[in-house]
Amino acid sequence: MDSDADPDKLRRRFLHAGMTVLARDGYSGFKQAAVCTEAGVTTGAFYHSFRNWRAFESALIAHWRLEATDRLVESARSVTDPHDRIDALIEIALNLPHATERAIRSWASVDSAVLEALTEVEAARRNAIAEMGVELFGRELAERLASTAMLLLTGFENSANPSMDDFAWAMRGTTTAALALLDERQESE
């Protein structure tokens, strides 16, 4: 059993283990025994941290949203140069926990609470991308690019054979094309 007496540290350990199990084993392998084994603790320690499996699932989804969306969006907002901010958003998209998110997408197909959380995360990401692109692209193009970025992300994460190289090329290529279009518009004015 974990010798740490800090209940928050143990909870974080379980949450990290849950993310790892989802990434490694997918939703079909997302079981309490696997999470406990990954965390290196007993089921008794699990029940000291969470009242039941459903409470753990809810905490895990909240943890995923905080770590893979909310904190990342805030870090991107702190980038002051609009070109650098767009580059930061691309890097964030490329470095998301894609295997975990693929499992969460599968989970959402059978759990309405997870589907609701996934829908909220996708909307928050899309809105943040659009908001941070307005300065460079204007509202209409920023909205289109945000939708395109989300389609690229969800397509990549739902692909049976995802290629990180292709995903990176598509994300960067879309941005480069949008900037070129913007330059053309400005030259013609």
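## The model and its helices

Helices (H or I, at least four residues) are runs assigned by DSSP, numbered from the N terminus. The structure is a predicted model, in which local features need pLDDT of at least 70 and side-chain atom pairs count only at pLDDT 80 or more, while totals for chains, interfaces and linings use all residues. Residues are numbered from 1 along each chain as its sequence is written, and side-chain values use heavy atoms, with hydrogens and water left out.

## The largest cavity

A cavity is a set of points, on a 1 Å grid over the protein atoms alone, where a 1.4 Å probe fits but cannot get out, and its lining residues have an atom within 4 Å of a point. One cavity of 30 Å³ or more is counted by this rule, and the largest cavity holds about 370 Å³ of space, a volume being the space filled by probe spheres set on the points, which are joined across faces, edges and corners.

Its lining consists of 25 residues, and those nearest the centre are Leu89, Ile90, Ile129, Ala149 and Met171. Two or more lining residues come from each of helix 4, helix 5, helix 7 and helix 8, and it is helix 7 that gives the most, with ten residues. Sorted by class, the lining has 20 nonpolar, four polar and one charged residues, where Ala, Val, Leu, Ile, Met, Phe, Trp, Tyr, Cys and Pro count as nonpolar, Asp, Glu, Lys and Arg as charged, and the others, Gly among them, as polar.

## Helix 6 and its surroundings

Helix 7 (residues 112-158) also packs against helix 6 (residues 98-108), at an angle of about 115° and with the axes 2 Å apart; the axes are lines fitted to C-alpha atoms over the stretch in contact, and angles run from 0 to 180 degrees between N-to-C directions. Contact here means heavy atoms within 4.5 Å, and the residues that make it include Ile104 and Trp107 of helix 6 and Leu115 and Leu118 of helix 7. Eight nonpolar, three polar and six charged residues take part in this contact.

Helix 6 is mostly covered, since eight of its eleven residues are buried, which means under 20% relative accessible area, whereas exposed means over 50% and partly exposed lies in between (1.4 Å probe, protein chains only). Among the buried residues are His98, Ala103 and Trp107, and the cover over the buried residues of helix 6 includes helix 1 (7-25), helix 4 (53-77), helix 5 (82-94), helix 7 and helix 8 (164-188).

## Aromatic rings

Rings of Phe, Tyr and Trp (its six-membered ring) pair if their centres lie within 6.5 Å, with planes under 30 degrees apart counted as stacked, over 60 as edge-to-face and the rest as tilted. The whole structure has 14 aromatic pairs. Phe50 and Phe56 form an edge-to-face pair, because their ring centres are 5.0 Å apart and their planes stand at 75°. Phe56 also pairs with Trp53, and this pair is tilted, with 5.1 Å from centre to centre and 40° between the planes.

Trp53 and Phe56 are three residues apart in helix 4, so about one helical turn separates them. Phe56 has a relative accessible area of 0% and is therefore buried, and Phe50 is buried too. One aromatic cluster is formed by Phe14, Tyr27, Phe30, Phe46, Tyr47, Phe50, Trp53, Phe56 and Trp107.

## Two single residues

Ser49 belongs to helix 3 (residues 43-49) and counts as buried because its relative accessibility is 11%. Apart from neighbours within four places in sequence, Ser49 is in contact with Leu10, Arg11 and Phe14.

Ala62, in helix 4, has 47% relative accessibility and so counts as partly exposed.

Technical notes
On a 1 Å grid over the protein atoms alone, a cavity is a set of points where a 1.4 Å probe fits but cannot get out, and a pocket is an open set with protein on both sides within 12 Å along at least five of seven lines; lining residues have an atom within 4 Å of a point.
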